Amino acid sequence: MSTTEDQSQSTAISAGEGPSLPKGLRSNPLRDPGDRRLPRVPEPCALVVFGVTGDLARKKLLPAIYDLANRGLLPADFVLLGFARRDWEDGDFEDLAKTAAKEHARTDWNEEVWSRLSGDIKFVPGSFDDDAAFDELARTLDELRESHGIKGNAAFYLSIPPSLFPTVLKQMERTKMADNTASGGWRRVVVEKPFGHDLASAKTLNALVDDVFTADDVFRIDHYLGKETVQNLMALRFANQLFEPVWNANYVDSVQITMAEDVGIEGRAAFYDATGAARDVLQNHLLQLLALTAMEEPVEFTADAIRTEKLKVLRAITLPKDLGAFAVRGQYDQGWLAGERVVAYRAEKGVSPDSKTESYAAVRLGIDTRRWAGVPFYMRTGKRLPRRVTEIAVIFKKAPHLPFSHTDTEELGHNQLVVRVQPDEGVTLKFGSKVPGSMMEVRDVAMDFLYGEAFTESSPEAYERLILDVLLGDATLFPRNEEVEASWRVIDPLEEFWQGQNPQLYRAGEWGSKAADEMLARDGRQWRRP
Amino acid sequence: MTTLWDTTGTAVVQALAAERRTGGAVTSGLALTLVVVLEEKDTADVEAAVATAASRHPMRVIMVMRHNIDAPVPRLDAEVSIGGRHGPGESVVLRMFGRLALHSESVTLPLLAPDAPVVAWWYSKTPEIIAQDPLGVFADRRVTNVIRDADPARSLQQRAVDYAPGDTDLTWTVITPWRAALAAAFDTASSPAKALVVYGNPVDPSAQLLAGWLSSRLGIYVPVEHAQGKYISSVSLEFQDGHSVQMTNEGYKLLMRRPGQMDTIQPFPRRTTGDMLAEELRRLDADQPYGEALGAVSGLTGLNDRVSNRTHIWHDPALASQEG
């Protein structure tokens, strides 16, 4: 609950700084920080989506926009502008958007909401290298400024392959669409992962985007950060007195961060085969989760302060010296998963039969800070694992002395605090408890907080939250370019080491390669079964 | 579900504990206890509202119905259920007869979730003086519903007289969409407001509170002028630079008309009592803007400076009627 308040404060601050914002926002007499009922609605604006016919736009973006409209969180003056290479009229696009929104929306379907929204949906056809089409787009935006009162505010969502970024960004630069001053409002850009494929390419991409837009106007979406539980991690750590005192190397034995998927590559063969698990998941989602788990307390709950702390942690990450022993990559072989036979990675459609791409990666990282020195962070991600689960497990040291006899505590493991990111969002605390009876016997029990049980209302879809934040100009949940570059600095040596190696095979439906189990066994630990 | 006839408070506490055990997973995160005071005829409405709110806030619901105080023998009937028709949380329905009704807190106190905030909600009838209802004295937040009283405008006035920080009324909750729309209209305004008028039913508490809120925030008098409908039909805004906005409620849609610009239509969400109750339960601290708006409506000042806890005032309707 306090996040909404903090969020409104941070936007109020950024609103005050922006010279181009309407004066009214700075001193709206009806906005009282003590008034927690009023939702913060973005200023009048346009959302321009490039590649609006793509998968992501249909499954996530358009439904999220409908959900926002349905919850009354879009401004009255709002335009959704689609741009794609189709010979379409506004109406054709509207049909596509409606079908997409209806099929994937989280909230109930309300025809009235849609009919209101559909009046504000525009489409500009054209290919990305077509100067005329971009002139048309710029002209349309100018016209909308008057007719729809959007005041020159626009966010551009690049839902396109990164290879097309340069073309599109150059076009925006040429037409001055990205220019805050020329537009008389704000212009922001939303970029999806992958943010490059190594440090060099990420730097080139960042330079390009930051050159066309100003760095503050670039929003990099990592949809994991839009998840309620990830934000709850900050509440858990920094709003409570209970956990922070033990959140360090004195008490923590190790941390395990897992993101497992039961699906295969789902028709993304071309992209995935060139990318692999480490670049696809480890570089962004897992390292962001690690940063949030390990960062120091930000001085205040604002975008800048949080990003500063995250960056410090990311820069302090160290790789093990012996990569051969503590960095494992695997690839799924054929096997059985959830009662069905699934094919091997190399037999997937579009994958070369001798592909060396990993579908599983596990690595031991360290963090060179006073708080975490000596605590291993075990990260793993993979496809075709037994179940879909993402969690952060903080595993505490054993009590230094047990007054019980060894046999009494045989079943006592490490205390654990597990943040379940998905599914069954929540927190589990695992600790020892006496088994009823005349004997002193201690065994592990779990205390559970289920987000979904406690708050059964479905939490907003990550994209909903993130798009709203972009329109509000709140960058708290978006990684900064330095964070992206710091993450690549972790991944690049791994990729270099793995170059040319064959990944270890694991059977689909197993918890990853044997080598990953051996990696923990070498440290005298074992993976938690999530 | 456990049903107990002619029972005691202790038995109800035991039944709740038993339900929690047999219910499988013991409900993990109770955020609050909601005590609903209602009349038998409103059971269905309250149940629906509570089920909606309970799905957003993990809570224990205690529904209290007090019947014929003059019944010769006091009696308590109770229903205890978890995850039933009152939503996913725990619920206890208490029917109190005879003099027990004057001591209802003796049954509810042991049933409150340990160390969790208590919210009292009077659905059917708002007490004249909350301190006279022991159920309101133990509550950290008190939600009233003057619209169901015989004379809502008078009841609202009485709310101001009896106000303590932590009180709110659902006639205030109902105007949140209006307030959000107005605040958004001010976001894009480039000069201060010159004149505002709320059109609607001048004796409607919501219309009064909206005008009161605008007056308290803007420092100008905002009248409620008569228009068709029993609620708020439109609000007109005039700014010092000559801009004007007309916002009209057109059946769950908000039409915004500005000279020189295209009209815009925004959805005005269709909100049930449950949605509004859920909004009330989001925050359990005092609602200052409500206090200010209520002050502007009633002409009373310093509402938010009053102390927030009440002391029980013994009130026996039987004696009161004898004396009266």
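User: At what angle do the axes of helix 10 and helix 11 of chain A cross, and how close do they come?

Analyst: This is a predicted model, in which local features need pLDDT of at least 70, side-chain atom pairs count only at pLDDT 80 or more, and totals for chains, interfaces and linings use all residues. Residues are numbered from 1 along each chain as its sequence is written, and chains are lettered from A and ligands numbered from 1 in the order in which they are written. The axes of helix 10 (residues 269–294) and helix 11 (residues 303–316) of chain A cross at roughly 110 degrees and come within 9 Å. Axes are lines fitted to C-alpha atoms, for helices over the stretch in contact, with angles from 0 to 180 degrees between N-to-C directions; helices are DSSP runs of H or I with at least four residues, strands runs of E with at least two, numbered from the N terminus.

User: What makes helix 10 of chain A roughly perpendicular or oblique to helix 11 of chain A?

Analyst: Angles under 35 degrees count as roughly parallel, over 145 as roughly antiparallel, 65 to 115 as roughly perpendicular and the rest as oblique. The crossing is at roughly 110 degrees, so helix 10 of chain A is roughly perpendicular to helix 11 of chain A.

User: How many helices and strands does chain A have, and why is chain A called as compact as a globular protein of its length?

Analyst: Chain A has 16 helices and 18 strands. Its radius of gyration is 25 Å, close to the 24 Å from the globule rule for 530 residues, so chain A is as compact as a globular protein of that length. The radius is taken over C-alpha atoms, and the rule is 2.2 Å times the number of residues to the power 0.38. The C-alpha trace of chain A spans about 80 × 60 × 40 Å along its principal axes.

User: What share of chain A is buried?

Analyst: Buried residues (20 or more other C-beta atoms, placed from the backbone, within 10 Å of their own) make up 45% of the 530 residues in chain A.

User: How many residues of each chain form the contact between chains A and B?

Analyst: Chain A gives 39 residues and chain B 35 residues, where contact requires C-beta atoms, placed from the backbone, to lie within 7 Å.

How values were computed. Two residues are in contact if their C-beta atoms, placed from the backbone, lie within 7 Å. A residue is buried if 20 or more other C-beta atoms lie within 10 Å of its own, exposed if 12 or fewer, and partly exposed in between; C-beta atoms are placed from the backbone.
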